[in-house]
Amino acid sequence: MSLAELICPAGTPAALRTAVDAGADAVYCGFQDATNARNFPGLNFTPDELAASVVYAHAKGTKVLLALNTYPPAGKVDLWRQAADTGARLGVDAFIVADMGVADYIARTHPQVRLHLSVQAAASSPEAIRYYCESFGVKRVVLPRILTIPEIRQIRKEIPCEIETFIFGNHGLMVEGRCSLTNYLTGQSTNMDGVCSPASDVEYARHADGSMASQLAGFTIDQFGPDEKAGYPTICKGRYTAPHRPQGYYAFEEPVSLNLSRLLPELIEAGVHAFKIEGRQRSKSYVRGVVRAFRAAVDDIKAGREANIADLVALTEGQKQTQGAFETKKWR
Amino acid sequence: MISETPRPLRPGEGAVARLSCLALQPILSRVVRRIAKQHSSLFARLGPHQTTDFLIDPVELPFALHLRPDPQALVFRAVPRHAAPQAGAVIRGRFLLLLELVDAEEDGDAAFFSRDLEVSGDTEAVVRLRNALDDMEGSLAEETAGMFGPPGRAILARLRRAYLNTSTGEEDA
Ligand code: SF4
């Protein structure tokens with residue numbers, strides 16, 4: 001059986017302590033800049049905060065993984081190199097990287113620190129994953145959310161590294177690390193600036209009838225009726241009108257979150273080493289609720305008991321959940 | 001959806017709101033001074049929005065709260081809704097939900113998805129405030145209640161019971 005480590009999100013030091021106390025095997029976090037894919041206002045860690053957090057986590061046996069999972073624009077690699085140097089100095093247990101240049105720098109400069117390949121690298125074939133392992137010594141790949149469990153089982157047999165999969169949380173629609181929708185509307189790049197639908201470009205307008213419009217850079221992404229559940233203002237989950245669909249329709253996907261709680265036994269059996277929970281932008285309340293629920297479930301499965309996962313639907317986007325491609329290729 | 005939305009004032013309501021605001025002010029000033037002293041790191045997360053005017057609007061109370069989290073000139077005051085200042089960002093929901101959000105007993109995104117929480121104005125300001133408050137250790141509600149000893153704690157417990165009884169349970173993670 002695989003280790004079934006639980007990898008949990010931490011957007012602030014308080015959230016990190018919450019995740020550690022709730023039973024995380026590892027927490028992942030980032031600095032307050034473009035070096036990570038949750039570069040949100042007021043979120044993330046200063047180097048001093050990370051130093052204290054590493055001490056806290058290690059004292060309780062929890063690992064700290066530093067997300068450096070964005071792509072440096074050409075010629076502007078210093079920020080990523082400095083972040084890697086700082087992380088190594090503070091004793092993080094692994095770097096989560098997407099860019100080959102960043103991976104190469106860490107492999108050469110800090111070979112003692114583990115490299116994990118971010119989902120943002122979108123490495124989904126054994127050939128691609130083996131390339132990262134052989135070139136940069138990657139020890140774990142976070143798989144894109146496009147594979148079924150039989151496919152994961154097959155990949156496991158063909159690669160020399162551990163596998164991590166997402167099991168819960170916000171679920172983008174495009175090829176990870178390649179989506180330019182936000183860039184198209186706002187000029188900011190999800191993959192290089194680290195933010196999809198930047199808050200500075202988001203506006204919510206409430207109408208007299210109780211309905212609400214969410215807008216990004218002046219474009220209406222969705223309009224929710226007075227009693228309709230809402231979602232994030234992300235373009236891929238927007239509802240649009242078109243000449244043949246005047247009522248508006250979800251052109252790509254509706255607001256929905258991934259929840260693989262029911263597939264945990266199969267994922268463990270398929271050889272998945274680690275389960276990732278999305279949500280560094282979420283509150284301590286979310287972290288506490290989701291981490292506790294999955295901690296109990298994983299412990300039950302490891303002990304041979306049936307897992308009784310708490311109902312987490314209230315925490316999901318649009319208050320709807322899916323098993324995505326993990327269950328069937330028909331998804332999307 | 002939030003059912004209790006601002007509506008025209010009934011006769012005498014304006015006076016009640018003004019009196020409630022006056023009565024509350026010493027408490028609010030004490031609360032905010034204490035938070036600023038004990039949780040000073042939250043100002044860094046606010047960044048440029050330390051000088052933004054936030055209007056926090058507990059829909060079922062007769063007044064709203066005006067917050068300007070400027071460490072040099074902190075403002076936290078109750079204002080009659082009809083006389084509220086022009087705010088850079090507005091956060092609206094039931095009072096206890098707002099309190100539970102500050103205390104990380106509820107998740108802000110979940111409350112937003114379920115439409116129990118509404119935000120308008122400068123979204124970045126709201127996100128910064130939310131992240132700053134979420135990094136705060138301990139319970140603001142308990143601390144505030146504790147400032148007033150056993151009667152304060154009893155009132156908080158009663159408020160919480162009332163909130164749980166009327167809540168749909170949807171936001172309960
Ligand atoms: S628009 Fe959707 S797919 Fe693209 S980066 Fe944002 S969440 Fe991901």
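Axes here are lines fitted to C-alpha atoms, for helices over the stretch in contact, with angles running from 0 to 180 degrees between N-to-C directions, and helices are DSSP runs (H or I, at least four residues) numbered from the N terminus. The model is predicted, so that local features need pLDDT of at least 70 and side-chain atom pairs count only at pLDDT 80 or more, while totals for chains, interfaces and linings use all residues. Residues are numbered from 1 along each chain as its sequence is written, chains are lettered from A in the order in which they are written, and side-chain values use heavy atoms, without hydrogens and water.

**View 1. Helices H1 and H2 of chain A.** The axes of H1(A) (residues 13-22) and H2(A) (residues 47-59) come within 10 Å and cross at roughly 10°. That makes the two helices roughly parallel, a term for angles under 35 degrees. Contact (heavy atoms within 4.5 Å) involves, among others, A:Leu16 and A:Val20 of H1(A) and A:Tyr56 and A:Ala57 of H2(A).

**View 2. Surroundings of the ligand.** Residues around the ligand, each with a heavy atom within 4 Å of it, include A:Met174, A:Cys179, A:Cys196 and A:Cys236.

**View 3. Nonpolar cores.** A nonpolar core is a set of buried Ala, Val, Leu, Ile, Met, Phe, Trp, Tyr and Cys residues joined through side-chain atoms within 4.5 Å, where buried means under 20% relative accessible area (1.4 Å probe, protein chains only). The largest has 82 residues, and A:Phe275 is one of those with the most contacts inside it. Helix H9 (residues 284-302) of chain A gives the largest share of this core, 9 residues.

Key
Parallel < 35°, antiparallel > 145°, perpendicular 65-115°, else oblique. Buried < 20%, exposed > 50% of the residue type's maximum accessible area, 1.4 Å probe, protein only.
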